[in-house]
Amino acid sequence: MRTSRRIAAAALAAAMIAGLSACAPESSSPSASPDGEPVAGGDATIILGIEAVRGLDPAFLFNLTPSGDANRMSAIYDVLFWSDAKTGEVTPQLGESLEPNDDGTEWTLTLNEGITFTDGTPLDAEAVVFNYERIQDPATGSPLAGLLEGASFTVADDTSLTIALPEPNLQFDRVLATSLTHIASPTAIENDADFANNPVGAGPFVLEEWVRDDHMTLVRNEDYFKEGEPYLDSITFTPIKDPTQRINTVSTGQAHAAVPGSELSFKESATGSGLEVTSAPTGGGPLLMFNVENAPFDDVRARKAVQLALDINDLTAVVDPGSSAPESFYAPDSAFFPSESMFVQPDKDAAQELFDELAADGKAVSFAITMPASGFFTRTAEYLQSRLSQFDNVSVTIDTVDNATLDERVFRNRDYQLSAQIVPVGDPEPNFAKLLQTGGQTNYMGYSNPEVDAALESARNSTDEGERGDAYATVEQIIVDEVPVLLVRNQEAYTVHATALNGLTLHGDGSLLYDRLWLAAP
């Protein structure tokens, strides 16, 4: 059994705040048990950054970030397996076990018995296969299709199935736990053309009401497979765009938790407001994406020039005070962290030489930065424009767009020159592969390098830490040399919450597991 390896067996502002007051902790929390054990009851309000852009159909996961869709999905669908936000370690939930054969070409997935969706139909092996084959179907148009390309499925009985992969992958459990972990009711999908807005899962909570851009209320799933859970009676998600407003809503007692967003500097302000912070430092983080298929960044010299022109230490200090510049794509306590940084130090003279050389070749660097209307990303764009304006033969404009436009232009059509995304790397697999592999799910740069593909394949086909470390060091060195992306800050997932909210466990990119949340009197 693979347990010994990884898997354990077992705006909106004033009016909105007024509307939230009915959910204040003082009026909705049960009393804590004398020994501090979880107690049942209570209605929690959690503040997120944005509304669900594409609805909540697992086949169309888009903004699977803590401040976006990930928390909603986790509450409604739960997870087959989950990965620790800090380490990437995989643990079962709806699933009981996930075991590979010797070379990782076949994985046996076993479910816990007796699980039902909230429409009363079974979450069995057939339901899992339905979801995965739907993702594979070209007619679905799922952005996850590449993760299951060439895979086939065999149902052994009600609770077990075999996943046969076209190529060996001894890290497939990490792929499943991060991107293929939400299972929806096949019956609901087939009978409701608007399923994305009426999601049906087997999670700890059930959708009761959804008023777009105002609130989503979920109530306790009385038939949840874990006896006695969830502890809460209800969860209300409310989107508030401004991260300061999110924290203020919690600190004034009008909500129980908030995901502040990209800025790490909000941790300090939250602590100063008397709030708790549950966090998971990890590798990766916010990174600039260069569209390597379009000018000017189809020329590696342009990407290198920007890399050399920027002082990342200064960028982090200006854009997100209190955060730190990265020395690697991997966290300092990761087994893959290098003995010394491979990252390039700023060199303004070398940068100017490249800008001049490109201009002499008729390729003067001129580009737009396409960024979402978010404080962190807006400040990053303004920083880039300000610093690059100090060089000759460079012209930079800023194109600020809403999330729907960002989705359409950058993530679907790759119609951009420079943009950004946040990629946590608790373990390099699968997020590194999705980002850098040819045709990877989040490879919005159009980047392709056979040597990178080979190193990623080598790493996923091994469980030896040394072999994986050598492969990922190769990947990091190539990425530093070719600059399809440029990491600009260390990453740390965190949720700010009132002391009354307990049982917070961060998984994936930093979302919560909702079966274990509970409220105590403040």
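Visitor: If contact means heavy atoms within 4.5 Å, which residues of α9 meet which residues of α16?

Guide: V300, R303, K304 and Q307 in α9 meet V480, D481 and E482 in α16. Helices are DSSP runs of H or I with at least four residues, strands are runs of E with at least two, and both are numbered from the N terminus.

Visitor: What kind of model is this?

Guide: A predicted one, in which local features need pLDDT of at least 70 and side-chain atom pairs count only at pLDDT 80 or more, while totals for chains, interfaces and linings use all residues. Residues are numbered from 1 along each chain as its sequence is written, and side-chain values use heavy atoms, with hydrogens and water left out.

Visitor: What is the mean pLDDT of the chain?

Guide: The mean is 89, and 92% of the residues reach 70 or more. pLDDT is the predictor's confidence in each residue, on a scale from 0 to 100.

Visitor: Where does pLDDT stay under 50?

Guide: Over residues 1-34. The model has 87 contacts beyond four places in sequence for that stretch.

Visitor: Back to the two helices. At what angle do α9 and α16 pack?

Guide: Helix α9 (residues 300-309) and helix α16 (residues 465-482) pack at about 95°, and their axes are 8 Å apart. That makes α9 roughly perpendicular to α16. Axes are lines fitted to C-alpha atoms, for helices over the stretch in contact, and angles between N-to-C directions run from 0 to 180 degrees. Under 35 degrees counts as roughly parallel, over 145 as roughly antiparallel, 65 to 115 as roughly perpendicular, and the rest as oblique.

Visitor: Different topic. How many salt bridges does the structure hold?

Guide: It holds 20. A salt bridge here is a side-chain nitrogen of Lys or Arg within 4 Å of a carboxyl oxygen of Asp or Glu.

Visitor: Which residue does R174 pair with?

Guide: R174 forms a salt bridge with D427, with 3.5 Å between the closest N and O atoms. R174 is in helix α5 (residues 172-179) and D427 in the loop between β16 (418-424) and α14 (431-436), so the bridge ties together parts that are 253 residues apart in sequence.

Visitor: Are R174 and D427 buried or exposed?

Guide: Both are buried. Buried means under 20% relative accessible area, exposed over 50%, and partly exposed in between, with a 1.4 Å probe and protein chains only.

Visitor: And which residue does R409 pair with?

Guide: R409 bridges to D399, the closest N and O atoms being 2.3 Å apart. Helix α13 (residues 403-412) holds R409 and strand β15 (residues 394-401) holds D399, so this pair ties together parts ten residues apart in sequence. R409 is partly exposed at 25% relative accessible area, and D399 is partly exposed at 27%.

Visitor: What does E429 do?

Guide: Its side chain meets that of R460 in a salt bridge, 3.9 Å from N to O. This pair links distant parts of the chain, 31 residues apart, with E429 in the loop between β16 and α14 and R460 in helix α15 (residues 450-460). Both E429 and R460 are buried. The peptide bond from E429 to P430 is cis, with omega near 10°.

Visitor: Where is the cis bond that involves P230?

Guide: It joins E229 and P230, with omega about 0°. P230 lies in the loop between β9 (215-220) and β10 (234-239).

Visitor: Which residues have the most contacts inside the largest nonpolar core?

Guide: Y132 and L176, in a core of 66 residues. The largest share, six residues, comes from helix α4 (residues 125-136). A second, separate core of 35 residues includes L384, L388, F391 and L486. A nonpolar core is a set of buried Ala, Val, Leu, Ile, Met, Phe, Trp, Tyr and Cys residues joined through side-chain atoms within 4.5 Å.

Visitor: What does L176 touch?

Guide: Not counting residues up to four places away in sequence, L176 touches L80, F81, L98, L109, Y132, I163 and T181.

Visitor: Last one. What is phi of D78?

Guide: Near 60°, a positive value in a residue other than glycine. D78 sits in the loop between α3 (70-77) and β2 (81-83) and is buried, with a relative accessible area of 2%. N393 also has a positive phi, about 65°, although it is not a glycine. N393 is partly exposed at 36%.

Conventions
Contact means heavy atoms within 4.5 Å.
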